[in-house]
Amino acid sequence: MFGIGARRLRIMAPLSGQIVSLDDVPDPVFSARLVGDGVAIDPDGDGLVVAPCDGELVVLFPTGHAFGIKSPEGVEILVHIGIETVSLRGEGFTCLASRGDFLKAGDPVVRFEREALARAVSRLSPVVVTAGARSFEAVDGSVRAGRDLLLTVTRS
């Protein structure tokens with residue numbers, strides 16, 4: 001695990017791209033932080049989405065547009081690829097892992113086609129801490145999937 005102390009957890013970037021505030025996500029579920037707080041990524045990479053931390057893949061939508069992972073410490077992360085991508089019904093998304101798998105940070109979870117994401121309401125992809133965290137610190141700028149730090153979470 002990428003632990004940095006007894007109560008802190010490092011969350012790596014699941015997608016490559018530019019970090020954007022959740023305030024700019026055109027979906028009130030995310031911008032109002034109804035499911036949790038975090039950041040969004042405007043993807044610019046090859047379409048590979050990876051596990052942001054070690055943990056169990058507890059949710060993987062059959063459409064491949066979103067997944068949730070739970071770390072051994074109890075921190076839960078939701079990765080939602082684009083906005084309103086569920087309406088694509090899985091077209092352009094390939095699941096590379098299965099619900100229940102234990103993943104290491106950086107393991108492939110989903111691959112998407114950039115053309116599919118272009119048909120969505122927005123390509124902004126929220127990465128949200130849904131449970132197990134008291135606070136977090138986000139980095140700024142651009143990140144590379146599975147290589148760069150995205151959030152440092154203080155566990156509750």
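Visitor: Which residues touch the most other members of the largest nonpolar core?

Guide: Val49, Phe67, Ile77, Val109, Val110 and Leu150 do, out of the 33 residues in that core. Before we go on, a word on where this comes from: the model is predicted, so local features need pLDDT of at least 70 and side-chain atom pairs count only at pLDDT 80 or more, while totals for chains, interfaces and linings use all residues. Residues are numbered from 1 along each chain as its sequence is written, and side-chain values use heavy atoms, with hydrogens and water left out.

Visitor: What makes a set of residues a nonpolar core?

Guide: They have to be buried Ala, Val, Leu, Ile, Met, Phe, Trp, Tyr or Cys residues, joined through side-chain atoms within 4.5 Å. Buried means under 20% relative accessible area; exposed means over 50%, and partly exposed is in between (1.4 Å probe, protein chains only). In soluble globular proteins, nonpolar side chains tend to be buried together.

Visitor: Which residues is Val109 in contact with, leaving aside its neighbours within four places in sequence?

Guide: Quite a list, including Val49, Val50, Leu57, Phe67, Cys95 and Leu103. Contact here means heavy atoms within 4.5 Å. Apart from the core of 33 residues lies another one, of 10 residues, among them Leu22, Val25, Phe30 and Val128.

Visitor: How many aromatic pairs are there?

Guide: The count comes to one. Phe93 and Phe112 form that pair, with 6.4 Å from centre to centre and 40 degrees between the planes.

Visitor: Why is the pair of Phe93 and Phe112 called tilted?

Guide: Rings of Phe, Tyr and Trp (its six-membered ring) pair if their centres lie within 6.5 Å; planes under 30 degrees apart are stacked, over 60 edge-to-face, and the rest tilted. With 6.4 Å the two rings pass as a pair, and 40 degrees puts them in the tilted group. Phe93 lies in strand β8 (residues 93-95) and Phe112 in strand β10 (residues 108-112), so the pair ties together parts that are 19 residues apart in sequence. Both Phe93 and Phe112 are buried. By the way, helices (H or I, at least four residues) and strands (E, at least two) are DSSP runs, numbered from the N terminus.

Visitor: How do you know that β1 and β14 pair?

Guide: Two strands pair if DSSP finds at least two bridges between them. Strand β1 (residues 8-12) and β14 have five, in the antiparallel sense, and Arg10 has Thr152 as its bridge partner in β14. Strand β12 (residues 133-138) also pairs with β14 in the antiparallel sense over five bridges, and there Ser135 has Thr154 as its partner. Strand β14 (residues 149-155) is mostly covered, with six of its seven residues buried.

Visitor: Why is the contact between Lys104 and Asp54 called a salt bridge?

Guide: The rule asks for a side-chain nitrogen of Lys or Arg within 4 Å of a carboxyl oxygen of Asp or Glu. For Lys104 and Asp54, the closest N and O atoms are 3.9 Å apart, so the pair qualifies. The pair links distant parts of the chain, 50 residues apart. Lys104 is partly exposed at 46%, whereas Asp54 is buried at 7%.

Visitor: How many salt bridges does the structure hold?

Guide: Eight. One of them joins Asp42 to Arg123, with the closest N and O atoms 2.5 Å apart. Asp42 sits in strand β3 (residues 37-43) and Arg123 in the loop between α2 (114-118) and β11 (125-131), 81 residues apart.

Visitor: Is His65 buried or exposed?

Guide: Buried: its relative accessible area is 4%, and the cut-off is under 20%. His65 is found in the loop between β5 and β6 (66-70). Not counting residues up to four places away in sequence, His65 touches Val79, His80, Ile81, Thr85, Val86 and Phe93.
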